[in-house]
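Open the model in your viewer and keep the selection panel at hand.

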Amino acid sequence: VSEIVYASDAAAISANQLTGFFVGWPNPPSPETLLRLLHESDNRVLAIDEDENAVVGYITALMDGVLFGYISSLEVLPAYQNRGIGRQLVARMLDELNHLHSIDLVCDPDVQPFYERCGMRPCSAMILRRRNHINP
Ligand SMILES: CC(C)(COP(=O)(O)OP(=O)(O)OC[C@H]1O[C@@H](n2cnc3c(N)ncnc32)[C@H](O)[C@@H]1OP(=O)(O)O)[C@@H](O)C(=O)NCCC(=O)NCCS
């Protein structure tokens, strides 16, 4: 099992290190779109398999820097799931946002137990999705 390193900076990452994500999306964002998303988010943490020279997981957050932060995406590549990488990404992001009063995210019911293990609790949410606004 190769070693995973974590980074809070995507400056040295290129799109060809970002393949295999958005599993199951009918119109998945491209690696280039994911790279932009990592750059434009206020915070991001990457899990990198250095042997493979590939990003194998990421988490992003948006925040106002005063009270409110929002975890906007989290994904671990299927071949790397259930090794504690998701939990590490959440823990590192919560640590980066530990000056904020609230940290929210939206998820499906099947991942609620995962986030509960990360110290969060369920709440209700309202969403809007525009499926034609994914890749530029
Ligand atoms: C959810 C996800 C990020 C978890 O990443 P991971 O690296 O597999 O998770 P970890 O190995 O750190 O798991 C931490 C704990 O949560 C549990 N867990 C992981 N995924 C779970 C799930 N879907 N439902 C319930 N528990 C889960 C693990 O069993 C583990 O428990 P343990 O600490 O008692 O052993 C990953 O499954 C994923 O990318 N899923 C697809 C995308 C997705 O759903 N993202 C979230 C969008 S809101």
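**Ligand site**

Select G86: one of its backbone N or O atoms lies 2.7 Å from an oxygen atom of the ligand, a polar contact being a pair of N or O atoms within 3.5 Å. The model is predicted, so local features need pLDDT of at least 70 and side-chain atom pairs pLDDT 80 or more, while totals for chains, interfaces and linings use all residues. Residues are numbered from 1 along each chain as its sequence is written, and side-chain values use heavy atoms, without hydrogens and water.

Next, select V76, where a polar backbone atom is 2.8 Å from a ligand oxygen. At R117 a polar side-chain atom lies 2.9 Å from an oxygen of the ligand. Taken alone the ligand exposes 900 Å², of which the protein buries 68% (Shrake-Rupley method, 1.4 Å probe).

Now show the 18 residues around the ligand; V76, N82, G84, G86 and R87 come nearest (near: a heavy atom within 4 Å). Colour α3 (112-117), which gives the most to this shell, four residues (helices: DSSP runs of H or I, at least four residues; strands: E, at least two).

**Aromatic rings**

Move to F21, F22, W25 and Y58, which form one aromatic cluster. F22 and W25 pair edge-to-face, 5.0 Å centre to centre with 70° between the planes (pairs: ring centres within 6.5 Å, using the six-membered ring of Trp; planes under 30 degrees apart are stacked, over 60 edge-to-face, the rest tilted). F22 is buried at 8% relative accessibility, whereas W25 is partly exposed at 44% (buried: under 20%; exposed: over 50%; partly exposed: in between; 1.4 Å probe, protein chains only).

How values were computed: A polar contact is a pair of N or O atoms within 3.5 Å; within protein, one must be able to donate a hydrogen and the other to accept it, and residues adjacent in sequence count only if both atoms are side-chain atoms.
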